[in-house]
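Look over the sequence and the structure below. Then read on, one region at a time.

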2 protein chains.
Amino acid sequence: MLTRLDVRLPAPASSERSYPVFLVGDGAVERRFAEELQRRMEAQAGARRRGTARAPRVALLTDETVARLHRGRYQQALADRGIEVVATVVGDGESAKSLATVEAIADSWAGARVDRETWVLALGGGVIGDLGGLLATLYARGLPLVQVPTTLLAQVDASVGGKCAVNLAAGKNLLGSFLQPRFVWADLTTLRTLSARDLCAGLAEVVKHGLLGDPGLLELLEERSGAAASGEPELMAELVARSVVFKARVVAMDERETDSAAPGGGRAQLNLGHTIGHAIESASHHAPSEQGPLRHGEAVALGLLAELRLGAKLGVTEPRLEARIRRLLAGLGLPVEVDGWLRPEVLARVGVDKKGEGATIRLALVERPGVPRLVPIPEAVLFQELLPPPA
Amino acid sequence: MLTRLDVRLPAPASSERSYPVFLVGDGAVERRFAEELQRRMEAQAGARRRGTARAPRVALLTDETVARLHRGRYQQALADRGIEVVATVVGDGESAKSLATVEAIADSWAGARVDRETWVLALGGGVIGDLGGLLATLYARGLPLVQVPTTLLAQVDASVGGKCAVNLAAGKNLLGSFLQPRFVWADLTTLRTLSARDLCAGLAEVVKHGLLGDPGLLELLEERSGAAASGEPELMAELVARSVVFKARVVAMDERETDSAAPGGGRAQLNLGHTIGHAIESASHHAPSEQGPLRHGEAVALGLLAELRLGAKLGVTEPRLEARIRRLLAGLGLPVEVDGWLRPEVLARVGVDKKGEGATIRLALVERPGVPRLVPIPEAVLFQELLPPPA
């Protein structure tokens with residue numbers, strides 16, 4: 001006997017899944033945010049026709065640094081609109097990206113009666129965006145998410161596209177999801193509070209976007225590297241906007257990174273600099289170098305250089321691009337000394353990266369600025385080509 | 001300055017999200033399963049046009065009891081088709097439904113090179129289906145999932161509809177997701193290996209389905225309660241098929257339990273017996289009664305009786321239904337003595353159930369068999385009406 005029954009699911013309306021990214025540069029930023037949020041929460045509550053009315057509630061997630069700098073004004077603006085806030089502050093840094101943190105926060109939310117009608121606000125950098133995204137994915141099987149990125153890295157990259165994840169002992173970002181936010185609110189005034197190091201780290205992702213899809217953005221950075229590294233406000237607005245436009249285009253064509261036949265290799269092209277960069281970043285956390293654990297963007301800068309060099313060796317990338325990008329990254333205050341990182345124990349981490357596919361890696365490379373290309377490469381070759389020759 | 005940029009995501013094609021439930025009752029069940037799986041894995045690999053070819057791989061998740069009874073023949077059938085199997089066996093029971101288990105399994109998968117092309121097979125009961133679903137949701141941001149339910153409860157209910165979750169200290173199923181499987185393979189031969197207690201526990205969900213949407217199913221159970229409680233094979237096939245047909249209809253109209261205006265209250269109607277049942281089940285784990293922790297189905301049986309009585313008190317449910325269902329459940333070997341469970345410390349658990357919405361609960365009730373109805377009820381009233389009068 002074999003019986004077949006079918007579960008037929010309607011496709012969600014495409015309009016529900018598209019979302020705006022707001023760039024807001026001045027004037028009562030948090031008040032306008034609270035307005036936008038309230039409008040959307042009310043629309044959703046109306047659409048769901050729930051039987052029970054009560055004050056709208058948000059679960060605000062942030063870290064210690066951002067709590068000190070920005071939480072107060074956002075929380076006040078929300079309170080002024082009658083929105084209840086359950087605020088959770090986690091410790092700074094990458095170590096918060098764990099399932100243990102997710103579990104502790106979820107337990108505290110349950111105690112604070114965070115429920116299915118609550119919206120999650122991730123107010124912070126990439127780590128907070130990841131944690132907020134994963135909690136919004138899992139808590140009560142899914143809550144609406146709003147990303148309020150407060151670092152350059154999160155504004156130009158992490159807050160757009162829906163990727164979120166936590167780390168495992170076995171590697172970075174191995175458990176996660178694709179959860180598109182309801183909207184992204186890039187408060188450009190928060191960039192003024194970043195340390196020089198964090199600002200520069202964010203510029204590495206802008207360089208990546210320029211390399212992949214916006215050669216003019218590379219030229220702009222080269223012309224104005226000093227202004228970029230010092231966070232000149234108008235330039236920041238342009239860098240964020242051009243990055244978001246590029247990233248949104250890639251995410252729209254291949255949301256879940258499953259269509260490597262899409263132009264440029266689809267979403268997988270965004271891994272440029274990250275395959276090696278993640279390995280270097282993990283290594284810097286497990287066996288810190290002199291400068292301590294690397295920022296994500298710093299590791300990406302090193303990963304970009306390693307992969308540009310590899311691309312040239314493989315005959316994919318134009319040979320002079322590595323030197324050009326090295327000059328640019330150095331001018332932006334980013335680390336460029338990659339050789340010390342290309343050790344077997346670092347490269348071994350590439351194999352357990354979530355993008356691995358057995359013994360062959362599909363590496364995101366560029367031929368020249370604006371021309372991305374995915375290249376399947378056996379791990380053995382990757383090791384051989386990347387390791388510096390024995391002294 | 002306020003700039004708006006849009007991320008436009010295409011809707012996934014509806015055909016991709018519908019899936020079949022196969023009921024298979026005799027003859028080389030596992031060989032036909034391996035054929036079906038291989039066909040679907042090859043179709044997916046072709047559709048993705050990946051650059052790297054290697055043997056298809058599955059991550060098989062099961063528990064100790066099912067490993068002893070059924071793993072061997074499934075694993076052999078997969079091996080015969082050239083499918084590599086990474087097998088993980090977790091301890092029996094509800095305690096495996098934790099984030100700690102998810103993390104440990106994910107770490108071991110990373111070591112075994114489970115990657116984005118790997119499919120997850122959940123071979124077991126509800127706990128394994130939950131764990132497999134959550135791992136397939138999160139690992140590498142999503143792997144294809146196949147449910148192979150081996151208990152009556154999982155075949156009639158848990159394996160269909162995509163809900164999966166783990167427990168928190170604060171309550172059951174508080175972290176989870178909706179992940180629809182690629183297909184469900186209900187191997188009816190596995191029901192022969194169930195204990196009488198587990199078989200009867202599964203029948204509680206069949207009673208729930210009858211109450212909500214198939215009055216004839218209730219009559220069938222009443223006429224053949226002895227055959228049901230002893231697992232008569234043809235009757236089991238009919239109970240599973242009718243349950244799946246009903247559940248698929250409800251899930252298709254309200255996949256994510258967000259449309260309480262859908263007929264009968266949408267997917268929320270499936271919470272019948274579960275609001276109180278979950279509280280009783282949690283309580284039985286935290287302070288075990290004489291018979292030890294309750295099976296999920298046993299707690300649902302008690303929850304059904306409590307909610308039918310409550311419905312009658314509220315004037316929603318026809319008064320004689322509680323007695324009728326009490327006779328039926330007792331005839332099916334299920335517990336019916338609910339009064340001892342209706343204590344303040346048990347009912348307090350209802351408030352942190354993931355379906356809670358502040359101080360008002362939307363309770364899934366029935367007016368009479370086949371007529372479900374959602375009723376908003378303040379928690380205070382719920383407590384008052386459910387607590388037995390002081391002696």
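Which backbone nitrogen does the side chain of D115(B) reach, and at what distance? It is the backbone nitrogen of E117(B), at 2.9 Å.

## A loop in chain B

Keep in mind that this model is predicted. D115(B) sits in a loop of chain B. The loop runs between α4 (99-111) and β5 (119-124). Is D115(B) buried or exposed? Its relative accessibility is 4%. The cut-off for buried is under 20%, so D115(B) counts as buried.

## Two copies

How do the two chains compare? Chain B can be laid on chain A by a turn of 180° and a shift of 0.0 Å along the axis. The RMSD is then 0.0 Å. The two copies are therefore related as by a two-fold rotation axis. The same surface serves both copies: of the contact residues of chain B, 99% recur in chain A.

## Helix α12

In chain A, helix α12 covers residues 296-313. That is 18 residues. From first C-alpha to last, the helix reaches 25 Å. This is close to the 26 Å expected at 1.5 Å a residue. Of the 18 residues of α12(A), 15 are buried, so the helix is largely enclosed by the rest of the structure. After α12(A) comes G315(A), with a positive phi near 80°.

Chain B has a helix α12 at residues 296-313 too, and R309(B) lies in it. The side chain of R309(B) makes a polar contact of 2.8 Å with the side chain of D339(B). R309(B) also touches other residues beyond four places away in sequence, including E322(B), R326(B), V338(B) and L342(B).

## L342 in chain A

L342(A) belongs to the loop between α13 (321-331) and α14 (344-347) of chain A. Its relative accessible area is 3%, so L342(A) is buried. Which residues does L342(A) touch, leaving out those up to four places away in sequence? They are I276(A), A306(A), R309(A), L347(A), L386(A), L387(A) and P388(A).

Y139(A) is 203 residues from L342(A) in sequence. In space, the two are 40 Å apart, C-alpha to C-alpha.

Helix α7 (residues 196-213) and helix α8 (residues 215-223) meet in chain A. Their axes come within 6 Å and cross at roughly 140°. That angle makes α7(A) oblique to α8(A).

Which residues make the contact? From α7(A) come L203(A), V206(A), V207(A), H209(A), G210(A), L211(A) and G213(A). From α8(A) come P215(A), L217(A), L218(A) and L221(A).

Key
Residues numbered from 1 in each chain as written. Chains lettered and ligands numbered in written order. Predicted model: local features only at pLDDT ≥ 70, side-chain atom pairs only at ≥ 80, totals over all residues. Heavy atoms only, no water. Helix = DSSP H or I, 4+ residues; strand = E, 2+ residues; numbered from the N terminus. Expected span 1.5 Å × (residues − 1). Buried < 20%, exposed > 50% of the residue type's maximum accessible area, 1.4 Å probe, protein only. Least-squares fit on C-alpha atoms with pLDDT ≥ 70 in both. Contact = heavy atoms within 4.5 Å. Polar contact = N/O pair within 3.5 Å; in protein donor to acceptor, adjacent residues only side chain to side chain. Axes fitted to C-alpha atoms, helices over the stretch in contact; angles between N-to-C directions. Parallel < 35°, antiparallel > 145°, perpendicular 65-115°, else oblique.
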